[in-house]
Structures are given as C-alpha cells and as structure tokens.
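Here is a friendly briefing to keep beside the structure on your screen.

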Amino acid sequence: MIKFNQQHLLITGGTGSYGQVLVKKLLSANTDLKYVTVFSRDEYKQYEMRRKFPTTQYPALQFMIGDIRDQEALLQATKKVDIVIHAAALKQNISGEQFSDEFIKTNVDGTRNLIKVALQNEVKQVLCLSTDKAVYPTTLYGASKLCAEKLLLAANSKQKNTTVFSVLRLGNLFGSRGSISSDLKNRLADETITITDPDMSRFSLTMEESIALTLKVLEVIKGGEIFIPKMDTYRLGDLMIALNKDVEIKSSGPRLTEKTHEIALSSEEARFTFEWENFYVFISPTAGPYLYWQKKGSPVPHDFEMNSFQAPKLSIEVLKRLIDTHI
Ligand SMILES: NC(=O)c1ccc[n+]([C@@H]2O[C@H](COP(=O)([O-])OP(=O)(O)OC[C@H]3O[C@@H](n4cnc5c(N)ncnc54)[C@H](OP(=O)(O)O)[C@@H]3O)[C@@H](O)[C@H]2O)c1
C-alpha cells in the first residue's frame, strides 16, 4: 500500500459509487493518512455514510457539504489538503443531452474551480476521474469530461505551479450507480427488456480494480498524464445472457448519441503514449513529463488504438460471477 505520510486527502464526490469504495479501502487498509475528507452536496448520502463509517471508529474521516460549482466552498475545503481525488460529476448520458447546461456547470466549471483553488491552496496532487466517453465524444457527458481533461492537463503549465494535475480515464465501473449492468439487473422483473444492440461492447472494471489503479497512479504521477488502464470488455448481449436467459430481449438499434464500441485511447493520442505495467500513459505534449515516462515505459505504435471491439472479452461465466458479487 502507498505511503501517505500523514497527508490529507479530499475526495470530491466521495459519497458516490466510486468514492464510497475508495473511502472504505483507505479506512480499512489503515493507511497513514491524517484525514480523508468527503466533499459532496447531498447531506442524506453523507448521513448514511457516517452511519457506515462512524467517526468514533474512523477519526480520520471528515465530511463537508458543498458544491464544486461554488469556488468559495471548494477554497475552504481544500485548505491544508495534500491530495484531491476529483470524482464529483454528473454522468448520466441521457440527462446530459437534456440538461446540458447543468453538465457544463458541474463537470467543466466545477473542474475549473477545483484547479483554481488547488493552485491557490498549493495542493500537491489532483487526480481527476474521467471516462472513455471523453474520447471522440458523441454525448454532452463525454464532451464535458473531455473539457475537464484538457483543463487539468493545461493547468500543469500555469506559472508558479506547485500542484500536479493528472487524469485517470476509466471504462464502465461494474455495478456502479446508474451503470448499464445495475440498470439491466433492476429491469429483470420486466417481461421484455429493450437493449440497443447486443453486439455493443463496453470496457469494464470492477470498483475494487479502479481503486487499486487509483492508488497505483498516486504513487507515480508527475502531472500532465492521462492514465488509461488495460481493460477487458463485454458484449451487451453476453451481459444479458449472464443476467437471465428467460427475459425477452428486444433490440432497438443504437440511440442517436450512443457508440457501438468505445475507444479508451485514440490513435492520435498513441503518438504521445507509453505502455507502463498495466497502463497506457498519455503525456500531454505541452505540459507532460515526457522524458520521465520515456525512461519508465515503452512507446506504443503510432497507429495503436485501444477500442472495446478488439480488446479481450469477458466470458459469460466471468460476467455471471461479477453480477453475483458486484450488483
Ligand atoms: N461509474 C462509472 O461507470 C464511471 C466510469 C468512468 C468514469 N467515471 C467517473 O468517475 C467519477 C465517479 O463516478 P461514480 O460512479 O462514483 O458517480 P456517482 O455514483 O454518480 O457519484 C457522483 C458523486 O459526485 C457528487 N456530486 C455530483 N455533483 C456534485 C457537485 N456539483 N458538487 C459536489 N459533489 C457533486 C455526488 O454527490 P451529491 O449528489 O451528494 O453531491 C456523488 O458523491 C465521475 O467523475 C465519473 O465521471 C465513472
């Protein structure tokens, strides 16, 4: 486990699917963190989390109510903070199309606010969670996360900068709130389930895998990287089979903004990318530590593309196990 040396870590969106598992891991692994602060809007989610993790038992855990759209609240929250994991976001593709302003305010403006206050408070590291949907985005959600990625990478070249900003770009987190896997399971009582296309494929990680990747990345970030883990994928049709064979499945064809396959690393990015352990590490050409990663990793072919069509597929048996253990 990474050594934190009594640092203070803040998680924006710490009450979300990812945040809760991260908090659990940090608290149960007895890390040498001085404080873990959860920052989010809804007091009820925080209340429930306090019940799960009583502060009498976990004195390092702190809660702050606030909105990342509110720069002043973030400025207060990041005082004496060393590391920020930026997980707060709006993320449902469909609502993003309808409420695009809201997605911009949270995912783009909220990230910009975080960058400003992190610089002001001399936070050491900011790691932002992003999504494969940010690559060649077709949804407002993906586009807003692309903007967030770009803002963060560019923040590394600001003058007098003592903060490093990097990104961890992930595929679908299995069983997370609102994910396709948990959504389909919830709809099993329906007589018919309509899915868009059984041949559709998605990158997949378990929540625990994403946390292990986060902790690994925190040990090596220099600022200006996008870390893309090597991920398995599943076919939507296989996921349906793994969930329940008896439900009638109808195929509606892809929605306007939905991709049949996802791309987690584009061939344009491949030219600035190194393969390192179980990651591809894209280095921002303007702000990234190119020489550091040139020594550490090996370059990937310039025409390489990491897409969910070609990546290894999870078998139906594995999907069944994941459903049993993660949803
Ligand atoms: N889940 C996935 O499959 C997946 C895949 C790739 C990347 N990601 C990224 O991973 C991150 C976490 O995802 P998740 O699945 O944990 O999402 P989630 O379960 O929907 O949680 C989102 C969190 O953000 C908080 N939040 C939302 N708007 C906020 C605001 N304006 N100010 C402060 N907090 C706010 C929410 O709490 P309140 O509502 O109480 O504020 C909640 O704690 C996101 O950035 C997402 O884009 C997720």
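**Salt bridges, a helix and a ligand**

A search of the whole structure finds 14 salt bridges, a salt bridge being a side-chain nitrogen of Lys or Arg within 4 Å of a carboxyl oxygen of Asp or Glu. Please keep in mind that this is a predicted model, in which local features need pLDDT of at least 70 and side-chain atom pairs count only at pLDDT 80 or more, while totals for chains, interfaces and linings use all residues. Residues are numbered from 1 along each chain as its sequence is written, and side-chain values use heavy atoms, with hydrogens and water left out.

**Salt bridges**

- Within helix 5 (residues 100-120), arginine 112 and aspartate 109 are three residues apart, so about one helical turn separates them. Their side chains meet in a salt bridge at 2.7 Å, N to O.
- An α-helix has 3.6 residues a turn, so residues three or four places apart point the same way.
- Arginine 112 counts as partly exposed because its relative accessibility is 38%, and aspartate 109 also counts as partly exposed, at 24%. The cut-offs are under 20% relative accessible area for buried, over 50% for exposed and in between for partly exposed (1.4 Å probe, protein chains only).
- Lysine 133 and glutamate 262 form a salt bridge through their side chains, at 3.4 Å from N to O. Lysine 133 sits in the loop between strand 5 and helix 6, and glutamate 262 in the loop between strand 12 (248-251) and strand 13 (263-265), so the pair ties together parts that are 129 residues apart in sequence. Both lysine 133 and glutamate 262 are buried.
- In the salt bridge between aspartate 199 and arginine 235, the closest N and O atoms are 2.9 Å apart. This pair links distant parts of the chain, 36 residues apart: aspartate 199 is in the loop between strand 8 (192-195) and strand 9 (201-205), and arginine 235 is in strand 11 (residues 232-235).

**A covered helix**

- Seven of the eight residues of helix 9 (residues 236-243) are buried. Helices (H or I, at least four residues) and strands (E, at least two) are DSSP runs, numbered from the N terminus.
- The buried residues of helix 9 include Leu236, Leu239 and Met240.
- Among the elements that cover them are helix 7 (180-186), strand 8, strand 11, strand 12 and helix 12 (316-326).

**Around the ligand**

- Thr15, Arg41, Lys45, Lys91 and Tyr141 come nearest among the 28 residues around the ligand, where a residue is near if one of its heavy atoms lies within 4 Å.
- The residues of this shell divide into nine nonpolar, twelve polar and seven charged. Ala, Val, Leu, Ile, Met, Phe, Trp, Tyr, Cys and Pro count as nonpolar, Asp, Glu, Lys and Arg as charged, and the others, Gly among them, as polar.
- Strand 5 gives the most to the shell, with three residues.
- One oxygen atom of the ligand is 2.8 Å from a polar backbone atom of aspartate 42. On the side-chain part, an N or O atom of lysine 145 is 2.8 Å from an oxygen atom of the ligand, and an N or O atom in the side chain of arginine 177 is 3.2 Å from a ligand oxygen.
- Taken alone the ligand exposes 890 Å², and the protein buries 95% of that (Shrake-Rupley method, 1.4 Å probe).

Key. Polar contact = N/O pair within 3.5 Å; in protein donor to acceptor, adjacent residues only side chain to side chain. Contact = heavy atoms within 4.5 Å.
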